Structures are given as structure tokens and as C-alpha cells.
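I opened a new structure today and kept a notebook as I went. These are my entries, in the order I looked things up.

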Amino acid sequence: MADDPQVDLYRFEISLSVLNHLGRNLYRNFITVLGEAISNSWDADANNVWIEINREKSNFSIKDDGVGMDATSFQSKFLKIGYSKRTEGGGRSPKDRPYIGAKGIGKLALLSCAKRISVFSKTDNSDYTGGVIDNAGLDEAIKGDQSTEEYPLEGLNFDLIAGLRSDHEQGTIICFEETNDQLRNSDVYLRKLLALSFKFSLLDADFTIHVNGTPVTIDDLKSLSEATQFLWSINEYSDAFVEGLPNLEKPKTEITSPLAIKGFIGSVKKPAMLKITGTEERATIDLFVNGRLREKNIIRHIPTQRIVESYIYGQIHFDTLDREGVDPFTSSREGVVEDDERFRNLMDYLKRELLSQIIDDWDKLRLEVRDEGDDENTRKSKRERKAQALVAEATNDYVPDDDAPAKDDVDAWLKEIMPDAEFNTSAYVDCFLSENLVRKYISHKSLPLKSNVQSQIDKYKKQEGEYKGAANISFPIRQASFDLSYVDMNDLAYTAEGNKKAPSPSLWADAGAFRPIRNAVGHTGRLTKTAKNHLNLTFENIKARIRTLIST
């Protein structure tokens, strides 16, 4: 086949409709849109980003003090879809910051949240340059299937930045007019979400994000920090947030990971405390790469269905996920490509090791501070956990105020008493159920009472009447006044079995061994370890015998 003489005239043409797929229709989350602009400022070595919002006019602006652009850079870099700073400068900025931008399409997010977007930029030795993107005109160009070369930007209206130019020696200002219902949230709301989304905005002293003049700081996450009960630090991670947690109830747990990750996992006192006050957001375990949130709630990929998931949040910093020649992030920049090898390794480690340890640690720590833990953990039986939860709830009525002089003493007393309270609570339930079931059995069988048992009943009735008179009580105390309600296990067993020489196993014999310790429990006595063991063993015998009785 002969060479085509026209071959040197052939060129790729990009339809403007591509902008819809890559930008305007891809970004749905307003914080993600802000994130793209803030990331550009970070990559431009800015020290500050100022977000100014005018809700009355539905306008907002994003201004930074980065290196800025001259006319050449604006055309060849900003307006060039797919241009990446890494092409020329490697993976780091002149200030040695790791670049966040990779594909060069993040800037298209800016088109998704307003009808008109004006870009003003200047360097330290050039005046402002830029242009205006009008989405209405862009829509017409897209309908006409025009190419990018056929759609020129409009000229700038410098009135838009009349109040923003002062002391702006270099950097970029982007103005958004007629926003798409994106500004209904308060400044506080936006600061909280930005604090969750940009780690470097909280920790890098050389980079600050401002919302209507107020900087984003760790104080924006105060409600979360104050609610944090336990902390796990991964590979000796530390920052101002985790070091300033005011209400940790146990020292942080250090975890060493074989992966090149750092971060922390925290747990709150109650699940509702994961909600970020003033927002609709909940704190989750999030993946950060080079200081920017890359995927929220990464454990959704590996759900454990354990209760601890409702209590934990944190950050996993995995900077080496972003590496030369590989783009592990989705086109929307709101997630990670799930089949990325390093991401899979991270998920495998979280599932097999990190979460398993935290689930077990959390239960242990919760039990130590007398809170409900994980019912599925075999460290304690469900019965023991329920007794502990009941006692822990009851002790709240006796805990003094924080400024009470005797608070430390009372807290120590409660801590000492609670284990016995838990045992006695469980034991009393067994006493109550076993004795009342035998009463039901005797009544159902219409078994006669022995004469000496009846005399004991008459004695208890008389005594109760005297006590009620002394207390000026005229109402009934017991739900049922029938005689069996006055009979204890010893005489109940005697009545149920008909004599005291019943063949083994004998309920009456067990009741005799049960009686003194049962009375101690009933009179709020604190049992010795030997007595507890004895009572547990005797209970097992009694319950087995009662099951045999009532099943026949």
C-alpha cells in the first residue's frame, strides 16, 4: 500500500463533550471540588488558601499565595487537560512537598459547581492573567460538538477580585458565580469537613486553609477528640490531634506494621459520638495519601459485622501508594482502584491483623473500664457481660461530681466493689429463678406442706406483719400472699421431694449446701473466692435437678 500523502495533516481532536465525562459530571461532592483547588494550591507551594463565601449572592472564591502562573503557564499547563506537574518536576515541589495531582484532570472539577468560573493568576514578576469559563457557553459548544480549539475563554472581569487583590503578590484566585446550591452549609460545617479531608491543613505549619477568615484547625474536631476513649498508634505515628486527646481512659496502644504505613485508630465512648457535630458526616477509618484524603471508610471493603465497627475511626497514611508510573486513584479522585496491588495488600493486612487485634483489644479495654464490650468475644460469657453492664449502669447513680472532694475515694471504692456486685447480681438471678420455679412445681403438683414447714411459714408471716406495722405500711408487699412465697430453698426442696432421704441426685442435699451462701448473697454480703466457686458448682447441680423436676 502506498504511503498516504496527507498523513502529516492528521491530528487528534478532543471534543468538548469529554469535559463532561472527565469533570462536570464526575464530581458530585462539594468538598471534593474544593479539595481539587486546595490540592492545586498545595502543589503550587502556597502557604495559605483563603475560601471566601458570599451566600447572599451564591458566590465564592478560592485564593492562594502559591507560585502562580504567567500567560504561558496558564495556557500550557492549567488549560492543558492531562498536564501533570510530575512530568517536569518529578514527584515533589520546589518546597519538597509531595505532589498530589497526577492525571491533570482534577481542575475540571472546578467546572461542576458554578455557572461561571473565573481564574486569575500571577507570578512574582508577571501581572494577572487568566480567563472565564461560562458553562452556558460551554454547553452550547458541546451541543455543537466543537473541539477544545474552537472554544476560547472569555476575558476577565477584575471587579470580581477588587477586594482580593490587596497584598496578593503572587498566586491564583478562582471565583465561582451562581453556584449550584453548594453553599447552604455553614462555615463551621465546611471547616469540619476540610479538617477531616486534609491532614496537612491541620499539621503543616506552613500551610493553612481559611474559611471566611477563620483557619481550619484541630479545634474543628474538638467534639471528636473529646469523645475518644482509646487509641492505637500505628508505626509510632504522632500528630497534634492524637497527642491532644483529653479524655483517653487508657494509655495508647502501639502497633508495629510490616507495611509502609502510619496512622492511628481511635474509639469513642458511644457510637453516636462518631457523628461530627454540626454536620451529617460520621468519622470513619480513612485512607490518606500525601496528606490528602483518598478514600473514606476503607473498612467498608472488609466488613467484620462486629460491634466495634460502630465505635472506631482513624487515619491510615499510605504515601507509597502513590508511585511513579502507577495511578491507583479512580477518575473521580474520590477512591482507590480496588485491584491495585498495594491497596490489596493493605486491605489484607487490615482484615487479617490490624482489625483483629483492635477488635480484641477494644473488648479487653472496655471491660477494664466497666463498659459494655463485644458480646461475640469469648473473653467473658454473655451472662457475665450483662451483669457487668447492669452494675456499671447502676454505679452511675453513686459517682460523685468531678469537683466533689471525695470523688477519688468513692471511685476507688466502686472499682473495688463492682466485681462482687457483678457476681452477686448474676447469683441472685439464679436464686430467684430456681426458688420460684420450685414453688411453681409444688403448686402445680399440689404437693402438701409438712407441719414443720407450715410452722416456719406462720413465723415469717407474723414477723412480716410486725415489720409492716413498724413501718406504717398497709399495702401488700409480696405479689402473691400464698404460703409458698415464704418458703426458702431448703424447705422447698424438702416439700418437692417429699422427704430428706431422696435418692441421689437430691435437690434437698444441694439446697443445704446452697443455703448459707445464698443468704449471704441475699443480704448483700461479699463472698470469698472459695464461696463463689462453691456457689457456682452448687447452682449447676440445683439447676440440673430443677430441670429434671419441672420437665416431668
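The entries below go from the whole chain down to single residues.

**Entry 1: confidence**

The protein averages a pLDDT of 84. I noted that 86% of the residues score at least 70. Confidence is lowest in helix α1, residues 17–24, where the mean is 57. Strand β8, residues 228–234, has the highest confidence, at 98. I remind myself that where pLDDT is low, the predicted coordinates should not be read in detail.

**Entry 2: the overall fold**

How many helices and strands does the protein have? I counted 16 helices and 13 strands. The protein has 552 residues, and buried ones make up 46% of them. The accessible surface comes to about 29000 Å². Carbon and sulfur atoms hold 50% of that surface.

**Entry 3: cysteines**

I searched the whole structure for disulfides and found zero. C113 has a relative accessible area of 0%, so I logged C113 as buried. C175 comes to 4%, which is under the 20% cut-off, so C175 is buried too.

**Entry 4: aromatic pairs**

The search of the whole structure gave eleven aromatic pairs. I looked closely at Y311 and W362. Their ring centres are 4.8 Å apart.

Next I took Y428 and F432. The ring centres of Y428 and F432 are 6.3 Å apart, and with planes at 40° the pair is tilted. Y428 and F432 both lie in helix α12, residues 407–445. They are four residues apart, about one turn of the helix. Are they buried, exposed or partly exposed? Y428 has 46% relative accessibility, so I put Y428 down as partly exposed. F432 is at 44%, so F432 is partly exposed as well.

I also found a cluster. Ring pairs link Y237, F241, F264 and Y313.

**Entry 5: charges over rings**

I looked for lysines placed over aromatic rings. K63 lies over the face of W50, and the distance to the ring centre is 5.2 Å. I noted K122 as well. Its charged end sits over the ring of Y128, 5.1 Å from the centre.

Is L355 buried or exposed? L355 has a relative accessible area of 6%, so it is buried. What does L355 touch, leaving aside residues up to four places away in sequence? I listed I299, I302, T304, I312 and L350. T304 is 51 residues from L355 along the chain. Still, the C-alpha atoms of L355 and T304 are separated by 8.6 Å.

Conventions
Residues numbered from 1 in each chain as written. Predicted model: local features only at pLDDT ≥ 70, side-chain atom pairs only at ≥ 80, totals over all residues. Heavy atoms only, no water. Disulfide = S-S within 2.5 Å. Buried < 20%, exposed > 50% of the residue type's maximum accessible area, 1.4 Å probe, protein only. Phe/Tyr/Trp six-rings, centres within 6.5 Å; stacked < 30°, edge-to-face > 60°. Helix = DSSP H or I, 4+ residues; strand = E, 2+ residues; numbered from the N terminus. Lys NZ or Arg CZ within 6 Å of the ring centre and 35° of its normal. Contact = heavy atoms within 4.5 Å. pLDDT = per-residue confidence, 0-100. Areas by Shrake-Rupley, 256 points an atom, 1.4 Å probe, with all protein chains shown as cover.
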